[in-house]
Amino acid sequence: RLVGGDNPCSGRVEIRDGNQWKAVCDSDFGPKAAAVVCRELQCGTALPVPEAAHFGEGVGPMWDRELQCVGNESLLVSCPTASPRDQPCTHANAAGVTCTRKDSGQGFRLVNGSTACEGRVEVKVQGIWGTLCASHWDLLDAHVLYHHLNCGFAKSIPRGGHFGRRTGPVWRDSFHCDGTEEHLGQCPVTALGASPCSPGKDAAVICSDGFGSLRLVGGGSRCDGRVEIFQHGTWGRVLDEQWEVQEASVVCRQLQCGEAERAYNPPRAQRGTGPMGLRGVRCEGHEAKLSLCNTSLPERALEAGIAEDMGVVCWGEWSHQVRLAKGPGRCVGRVEIYYQGSWGTVCDDGWDLSDAAVICHQLGCGGAVEAVGSTGFGEGSAQIWLESVNCSGAEAALWDCPAGSWGQHNCGDKEDAGVIC
């Protein structure tokens with residue numbers, strides 16, 4: 001992806017590695033790699049590579065390998081890479097790209113709804129608008145689209161032609177969002193192009209009233225992260241000297257994320273840089289929305305402490321995520337679950353093809369080819385969340401299967417479960 005530019009076809013180069021976006025060092029990036037980036041993003045051709053950090057400095061880790069592109073590759077991940085560099089690179093040396101086209105030729109909109117934030121999903125591909133087929137469309141994808149359109153969060157994804165008969169082509173592209181992306185263009189996508197789609201299978205979204213003005217950013221799911229509120233046409237930070245579980249409870253309730261697990265102050269590297277939206281928030285804990293809490297504290301109280309960004313970890317259905325790590329693609333690898341704000345693994349005790357089938361279905365990766373055990377994809381280093389998983393194969397998510405208690409196990413990291421879809 002390109003970030004920090006004034007359009008989707010210019011900005012700082014970042015590569016998705018596992019579950020992290022990593023900036024690329026300018027010394028490891030040349031004109032041939034820039035040409036591949038513009039081609040992959042359907043952004044025309046690359047202009048001369050700008051100087052280091054031309055689009056500002058990012059945060060987080062740096063990509064540690066040199067890209068040795070020939071220049072005719074269709075995807076950046078297809079380029080050969082050199083061994084990890086000996087000397088670390090900083091964000092002051094981040095590579096940037098500017099392409100000739102000011103937009104990627106792809107857009108998203110909702111049509112035939114009663115508001116701007118509901119309707120049938122249409123995608124613009126190479127300048128042509130068409131309906132998106134719902135064969136791989138889910139609430140995580142819908143949530144990212146809502147984030148992109150400043151619509152808050154999706155309530156449901158109705159089927160059966162809810163928003164009228166489609167016109168034009170039907171796109172079968174399959175988005176694989178985890179819910180943390182800024183827009184659909186950042187989600188991994190399987191581009192299937194125009195192809196048949198059965199009637200009533202149009203992708204659609206219905207908005208949820210009352211919580212579209214709040215979001216959590218920078219976490220591993222839409223239900224944890226730094227709190228931001230949408231006011232006067234822009235997203236603003238929520239700052240406070242004291243941030244406790246009763247305020248966090250209101251945030252989790254408003255976002256339909258279940259109960260508040262904890263309230264915290266994000267570390268310096270994760271703090272926001274935008275305008276202030278709210279400060280001095282005091283809730284009783286029963287309010288339906290954060291904006292209904294008391295925010296009119298005396299001026300002296302505001303001056304008494306140093307206001308910091310506020311973070312929340314919620315506990316509910318949306319706080320669970322699953323991924324496959326350390327494999328050659330997103331549909332092969334070690335099983336990892338996001339739970340209570342952190343990623344952990346699954347013990348391979350009793351791990352079989354029925355368990356693997358649930359993971360593959362949940363990730364939109366087709367059927368299960370193999371259930372891999374005994375660290376077939378390397379050892380994890382984090383918490384082991386589940387053991388003795390016993391799926392029938394029909395469950396919608398891994399955490400719907402019978403299993404031991406969360407976090408309680410007799411396993412080591414040498415027993416991490418894996419999947420090949």
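Tutor: A disulfide is a pair of cysteine sulfur atoms within 2.5 Å. Cys252 and Cys314 form such a pair, with an S to S distance of 2.0 Å. The model is predicted. Cys252 sits in helix 3 (residues 245-254), and Cys314 in strand 22 (residues 311-315). They are 62 residues apart, and the pair links distant parts of the chain. The angle about the S-S bond is -90 degrees, and the link of Cys252 and Cys314 is left-handed. Cys252 is buried, as is Cys314.

This link is one of ten disulfides found in a search of the whole structure. Two others deserve a look.

Take Cys38 and Cys99, joined with an S to S distance of 2.0 Å. Cys38 belongs to helix 1 (residues 31-40). Cys99 lies in the loop between strand 7 (96-98) and strand 8 (107-111). The pair links distant parts of the chain, 61 residues apart. The link of Cys38 and Cys99 is left-handed, at -85 degrees about the S-S bond. Both Cys38 and Cys99 are buried.

Now Cys347 and Cys411. Their sulfur atoms are 1.9 Å apart in a disulfide. Cys347 lies in the loop between strand 25 (342-346) and helix 5 (353-362), and Cys411 in the loop between strand 27 (384-386) and strand 28 (418-420), so the pair ties together parts 64 residues apart in sequence. The link of Cys347 and Cys411 is left-handed too, with -75 degrees about the S-S bond. Cys347 and Cys411 are both buried.

Definitions and conventions
Residues are numbered from 1 along each chain as its sequence is written. This is a predicted model: local features need pLDDT of at least 70, side-chain atom pairs count only at pLDDT 80 or more; totals for chains, interfaces and linings use all residues. Side-chain values use heavy atoms; hydrogens and water are left out. Helices (H or I, at least four residues) and strands (E, at least two) are DSSP runs, numbered from the N terminus. Buried means under 20% relative accessible area, exposed over 50%, partly exposed in between (1.4 Å probe, protein chains only).
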